[in-house]
Amino acid sequence: MITNMIMGQARVGAGLGVMGERKRDAPQDRPPAFRQTHYAPPRQDQYDAAGPNAVTQQHQVAPQHQVAPQHQVSRQHQVAPQRQVAREYRGEGASQYEGRAIWQDRRSSATRQGRRGAALAIVLAVLTGIVAFAWAADRWFGVSGAFGPIPGLSVDEPGPRPGFALPFACGQRWRLSTYRGHNPDDAKIDMFRMDGATQGAVVRASASGEVRQLVRPGGVKIDHGGRWYTLYLHMDDISVSPGDEVSRGQPIGRVGAVGTQAAHLHYEQLFDENGDGNARPPEIVPPVIQGAARRLSPDGPFPLVRSTNGC
């Protein structure tokens, strides 16, 4: 009996030793479910009892392999209810992912339409601005005359030439001159004072009218009615603005050297021959000052004229 007990204990110890060795030799990277269970294909009677679409107990996910609650999608990370528009467009059975896709597609489409509309509005605004600027430049700055007369725009009928006076104070004496390349030589006049300083002398309106525009360099254009205009350039102290009504002899600026090397007044008389509402360089005419034609030549003579403006 004692012998049998000793032999039994030896067998138990050997068995424990073998199990310990197997336990040490077992791979440590396998999950507990893999080490404790093995795959057994379902039997035919299980299919017959539960049906072809049923999941048998062997195929269920072990509890340790299920997704922990803390790993599930939190409420704040779920799709907002207002974005689940699939129910409105796809029915009650649509998923939140389908709803989000539809919402994103509709938002992208609206964004594209908005961008196209904005681009079209910008293009129309730019074209309108270009046309408006070209019209203003043509009407007020006398750039090209390409637009011609505007239908319905009131344009003065041709009238007699106003009685233009020398554009300086009564009694002052000024020399009138021109030079080759003045273009036209016989119509554009440069004026230099002979009885005082040219620089800073007060320039006065040659006749009554309305200031049409300010031009470069240092210039004023006056509309005298009847399509007649006068132009004064190189002034450095202009005292009028477009739209101002001026009378004959009223100061409009001072003689300067703006855009030129020597101080003098550049003077022109113009006639709006084509009736487009402005007078441009091609419409310059030889001047008549204080009743006398002053059609000069670069070769001279250069007359001295005493002003009767305001006398």
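Visitor: How many salt bridges does the structure hold?
Guide: There are 5 salt bridges, a term for a side-chain nitrogen of Lys or Arg within 4 Å of a carboxyl oxygen of Asp or Glu. Bear in mind that this is a predicted model, where local features need pLDDT of at least 70, side-chain atom pairs count only at pLDDT 80 or more, and totals for chains, interfaces and linings use all residues. Residues are numbered from 1 along each chain as its sequence is written, and side-chain values use heavy atoms, leaving out hydrogens and water.

Visitor: What makes Asp186 and Arg295 a salt bridge?
Guide: Their side chains meet at 2.8 Å, N to O, and the limit is 4 Å, so the pair qualifies. Asp186 and Arg295 sit 109 residues apart, linking distant parts of the chain.

Visitor: Why is Asp186 called partly exposed?
Guide: Buried means under 20% relative accessible area, exposed over 50%, and partly exposed in between (1.4 Å probe, protein chains only). Asp186 has 21%, so it counts as partly exposed.

Visitor: What about Arg193 and Asp195, how far apart are their closest N and O atoms?
Guide: Those atoms are 2.9 Å apart, and the two residues form a salt bridge. Arg193 has 22% relative accessible area, so Arg193 is partly exposed; Asp195, with 37%, is partly exposed.

Visitor: Why is Ala165 called buried?
Guide: Its relative accessible area is 0%, under the 20% cut-off, so Ala165 is buried. Ala165 is in contact (heavy atoms within 4.5 Å) with residues including Ser206, Tyr267 and Gln290.

Terms used
Helices (H or I, at least four residues) and strands (E, at least two) are DSSP runs, numbered from the N terminus. Lists of a residue's contacts leave out its neighbours within four places in sequence.
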